[in-house]
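Before reading on, please take a moment with the sequence and the 3D view.

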Amino acid sequence: MNSSWVREASAVLRKEIASELRGKHGLVTSLLFAVMTVSALGIAAAKSPPTPTLAAGMLWVALLFAAVVGVARTFLIEEEQGTGDLLRLWANPSPVFWGKTFYNLALIALVAIVVMPLFALFVGVQVVDFGMLFAGLGAGCAALGVAIGFCGSLVSRSKSQAALAGVISIPVLLPVVLLGVGALRVAFGDPSSLGWTSILGLAGLATAFAAAGPHLYAAVWKQ
């Protein structure tokens, strides 16, 4: 990792942060969707507290909706605004991918920090294992951020971005959600012993998407 790579990735990250501070589209949209989803789930679970497995699934629904709405546009918006060609002239694909991915990870982590206390308050779920909760959310957010960036980068040059992103995201995000539920249900009191196995699986998925993402983005970048 040379200094020029770090400078380019840092510049892309700063550009994404500056764009967010000016427009506040990604963060505000993600938080609104997350809060609305948690509120609806809280109303649905008002009379009967959910089981640990159901509570884990409900939390992941909120995180997934928020991430898909706000994060995928990080890669798609360049072509929509007509700035993709300028970015291709200025930078290399790998630091662009990682600069945007680091921004995605920060955005999802911030959403998770806001959503988790609201979820516990509205739904009434009890956290039994805080270590498992933090590890599951950390690994899950990492895998989710890289996976959504992976999907967005693949369809960034397509004319039917939204439709293709939805089709590609289903098989990519499904194992992330399944492993995320497996980790959080243990944190919420399920006696299963597979919590750390699920966290290792999430770490493995994040590593695989992180390894393949820059190379596939470079191939799409040249088209």
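**Aromatic pairs along the helices**

W98 and F102 are four residues apart in helix α6, so about one helical turn separates them. This is a predicted model, and the values given here are computed from it. The ring centres of W98 and F102 lie 5.5 Å apart with their planes at 35°, and the pair therefore counts as tilted, since planes between the stacked limit of under 30 degrees and the edge-to-face limit of over 60 are classed that way. The two residues of this pair can also be described by their accessibility: W98 has a relative accessibility of 17% and so counts as buried, whereas F102, at 37%, counts as partly exposed. W98 and F102 also belong, together with F97, to one aromatic cluster.

A second pair can be followed in helix α7, where F130 and F134 are four residues apart, about one turn of the helix. Their ring centres are 6.3 Å apart and their planes meet at 40°, so this pair is tilted. F130 has a relative accessibility of 49% and therefore counts as partly exposed, while F134, with a relative accessible area of 56%, is exposed, because the class of exposed residues begins over 50%. In total, the structure holds five aromatic pairs.

Returning to helix α6, which spans residues 93-123, the reader will find G99 there. Its relative accessibility is 0%, so G99 counts as buried. When neighbours within four places in sequence are left aside, G99 is in contact with A9, V12 and L13. The C-alpha atoms of G99 and R14 lie 8.3 Å apart in space, although these residues are 85 positions apart in sequence.

M36 is found in helix α2, residues 26-44, and with a relative accessible area of 58% M36 is exposed.

Finally, the chain can be considered as a whole. The protein chain has nine helices and zero strands, and reading along the sequence gives the pattern α-α-α-α-α-α-α-α-α. Of its 223 residues, 48% count as buried. Among contacts in the protein chain with a separation of 6 or more, 85% are accounted for by residues 24 or more positions apart; the contacts of G99 with A9, V12 and L13 may be viewed alongside that figure. The accessible surface of the chain comes to about 10,700 Å², and 71% of this area belongs to carbon and sulfur atoms.

Note on methods. Residues are numbered from 1 along each chain as its sequence is written. This is a predicted model: local features need pLDDT of at least 70, side-chain atom pairs count only at pLDDT 80 or more; totals for chains, interfaces and linings use all residues. Side-chain values use heavy atoms; hydrogens and water are left out. Helices (H or I, at least four residues) and strands (E, at least two) are DSSP runs, numbered from the N terminus. Buried means under 20% relative accessible area, exposed over 50%, partly exposed in between (1.4 Å probe, protein chains only). Contact means heavy atoms within 4.5 Å. Accessible areas come from the Shrake-Rupley method with a 1.4 Å probe; for residues, only the protein chains shown count as cover. Rings of Phe, Tyr and Trp (its six-membered ring) pair if their centres lie within 6.5 Å; planes under 30 degrees apart count as stacked, over 60 as edge-to-face and the rest as tilted.
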